[in-house]
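Biologist: Please show me the model, and then I will ask about it piece by piece.

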Amino acid sequence: MAKEAPAGSGYRIVVLSVLILAYTFNFLDRQILGILAGPIKAELGLTDSQLGLMGGLAFALFYTGLGIPIAWLADRWSRTWIMTGALALWSGFTALCGFAGGFWQLFLCRMGVGVGEAGGVAPAYSLISDYFPKEQRARALAAYSFGIPVGSALGILFGGLIAHAIDWRMAFIVVGLAGVALAPIFRLVVKEPPREASPAPLAGAPAPGGIGALLAKPTFWLISLGAAASSVCGYGVAFWLPSFFERSLGMDLVDRSLFLGSMTLVGGVAGVWLGGYLGDRLGRAKPAFYLLIPAVAFLIALPCFFLAIQAKSLWLAFVLFIIPTGLNLVWLGPVITAVQHLVAPSQRSTASACFLFVNNLIGLGLGTWFFGAVSDALAPHFGAESLRYAIYSGLGFYLVSAALFALAARRLARDWVG
């Protein structure tokens, strides 16, 4: 076991900052493919469906499948060593993407990225839950989730600018090697904290039991499937928006990088912070709010996305897209906090991995492919505009997500632990 972490709120902030940095690289390496889809498609002669498979299924297969056994190990061994190895592995495979000569080589490299990232998130959720008291966890987990919009924005920005200045291959190589260099720094800074003792369940709630008991709770499945439904749309739209702005609005690579990067950063950070703030403020009084907050956010996001896709002015589109971009990420802090409290502290990594398995296998595995396949199917009728209608077709997943979260909110209190 690694040396125990020093005490003090200052060190907690340092640890959280390094975890956010690692998560930033996680999403930078995960999302960079979206902005590079145009140049890759042109050079390798790929279809939208093939690009969707590489952006989703290639990554999700091992990311979801290995997440649970790695998290099981993280509940019993050093989480910091697991995350260090994971960071080096996924970053190395990102760099190898730059050497791919065809669809299958790039597909296999993206699978390798998924293998590495399987050990990067669930252990971090558990570390944060041990470093921060429960009344601060939604905000701490939301702060950690800043890595999603920041990493996605940097992936769009650096990927596009490097590809424009050199080529798309160098974009993969540069960001991948930067992540490899971060791995030893991560290990030196982040120490393994003592694990929180398991509390008694709330009055009237059943004993926490094992992971089998978690999987027997309808609340867990409603939460996981609700998140997965939103992620089908969230991951799908995020991956295909760069191509949409190229085909439907005629934006070049640099303009797309600047436009989408700034939109993702501003809207995403605001949405993640808002979700964490509301979760801690409202959820402490009534746990159901941890799930009602994202349900309302998705109901507002749906019409905003629809209007944004229709906008003809770039500046109007920017303003309209910022709102649903933020609302799309409001769920992170509250929902992740809710999942952490469905089990005892000693099982949090595994519980998080079970949640991520469902969320990412469906959301990430299906999302990018769904939009690409619908775009290919509609291309004979709508031509370059087929992607616009493919995005319209996926917005209904937000309604499914809101309904599932609302149902889960009614049951959450009885399954709450600690």
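Biologist: What volume does the largest pocket have?

Modeller: This is a predicted model, where local features need pLDDT of at least 70 and side-chain atom pairs count only at pLDDT 80 or more, while totals for chains, interfaces and linings use all residues. Residues are numbered from 1 along each chain as its sequence is written, and side-chain values use heavy atoms, without hydrogens and water. A pocket is an open set of points on a 1 Å grid over the protein atoms alone where a 1.4 Å probe fits, with protein on both sides within 12 Å along at least five of seven lines. With volume taken as the space filled by probe spheres set on the points, the largest pocket has about 200 Å³.

Biologist: Which residues lie nearest the centre of the largest pocket?

Modeller: Lining residues have an atom within 4 Å of a point. There are 11 for the largest pocket, and nearest its centre lie K134, G283, R284, Y290 and W416.

Biologist: Which element has the highest mean pLDDT?

Modeller: pLDDT is the predictor's confidence in each residue, from 0 to 100, and the protein chain averages 85. Helices here are DSSP runs of H or I, at least four residues, numbered from the N terminus. Helix α3 (residues 57–74) has the lowest mean, 78, and the highest, 94, belongs to helix α18 (residues 397–415).

Biologist: How are α2 and α5 oriented to each other?

Modeller: Axes are lines fitted to C-alpha atoms over the stretch in contact, with angles from 0 to 180 degrees between N-to-C directions. The axes of α2 and α5 are 9 Å apart, at an angle of about 25 degrees. Angles under 35 degrees count as roughly parallel, so α2 and α5 are roughly parallel.

Definitions and conventions:
Helices (H or I, at least four residues) and strands (E, at least two) are DSSP runs, numbered from the N terminus. Angles under 35 degrees count as roughly parallel, over 145 as roughly antiparallel, 65 to 115 as roughly perpendicular and the rest as oblique.
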